[in-house]
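Open your viewer, get the selection tool ready, and follow along stop by stop. We will go from the whole chain down to a single side chain and back out to the sheet.

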Amino acid sequence: MEVDLAGCIALVVGSETGPGGAVAQALGSNGAIVEVVTTSVLDESFPACERCIDDTIGRMGALHLFVNACALADINDESGEPDAFGRALVRMNALTTFAGTAMASRGYGRILNLLSVLGLLPAR
């Protein structure tokens, strides 16, 4: 499906995974200007999440679409830490809060959160 997204500035966090990467690619192929951030550069702290949103707006001049796939990226966390998915949820909520606040202050924006229950299943 083709949608004219020319001029739309999108931030995709968690773009190192299949779904996040596919969304970033689809947005770009439909004309959006896409900034991608991997979860490896973000911790779950609120200042890091706020900086991610603020830095994107500073570089790009606006933020029209925020795609949050960061919890998906941690599903296959190799550390074996049982809290990896929980930390990803904290990061997802913080990013969504800061992106929503920034877009609301500008009067426009869309947020897409991608999440999977597969993160709750034991690793094979």
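One term first: a residue is called buried when its relative accessible area is under 20%, exposed when the area is over 50%, and partly exposed in between, using a 1.4 Å probe and protein chains only. You are looking at a predicted model, in which local features need pLDDT of at least 70 and side-chain atom pairs count only at pLDDT 80 or more, while totals for chains, interfaces and linings use all residues. Residues are numbered from 1 along each chain as its sequence is written, and side-chain values use heavy atoms, with hydrogens and water left out.

**The whole chain**

Start with a cartoon view. The protein chain has four helices and four strands, where helices (H or I, at least four residues) and strands (E, at least two) are DSSP runs numbered from the N terminus. Read from that end, the elements follow the order β-α-β-α-β-α-α-β. Of the 124 residues, 41% count as buried.

**The sheet**

Select Val 13 next, and you will find Val 37 of E2 opposite. E1 and E2 are joined in the parallel sense by five bridges. Val 12 stands opposite Val 67 in E3, and E1 and E3 pair in the parallel sense over four bridges. Moving on to E4, look for Asn 68 opposite Asn 113; E3 and E4 run parallel and are joined by four bridges.

Stay on E3 and show its side chains. Leu 65 and Val 67 point one way, Phe 66 and Asn 68 point the other way, and all are buried.

**Helix H1**

Select residues 18-29, which form helix H1. Its 12 residues reach 16 Å from first C-alpha to last, close to the 16 Å expected at 1.5 Å a residue; the expected span is 1.5 Å times one less than the number of residues. Which residues of H1 are buried? They are Gly 20, Ala 24 and Leu 27. These cover an arc of only 65 degrees around the axis, which puts them on the same side of H1; the arc is that of the directions from the helix axis to the C-beta atoms.

The buried residues of H1 pack against strand E1 (9-13), strand E2 (33-37) and strand E3 (65-68). After H1 comes Gly 31, with a positive phi near 100 degrees.

**Helix H2 and Thr 56**

Residues 46-60 are helix H2, whose buried residues are Ala 48, Cys 49, Cys 52, Ile 53, Thr 56 and Ile 57. Zoom in on Thr 56, which is buried with a relative accessible area of 0%. Where does its side chain reach? The side chain of Thr 56 comes to the backbone oxygen of Cys 52 at 3.0 Å.

Leaving aside neighbours within four places in sequence, Thr 56 is in contact (heavy atoms within 4.5 Å) with Leu 11, Glu 35, Gly 61, Ala 62 and Leu 63. Finish at Gly 61, which follows H2 and has a positive phi near 90 degrees.

Methods:
Two strands pair if DSSP finds at least two bridges between them. A polar contact is a pair of N or O atoms within 3.5 Å; within protein, one must be able to donate a hydrogen and the other to accept it, and residues adjacent in sequence count only if both atoms are side-chain atoms.
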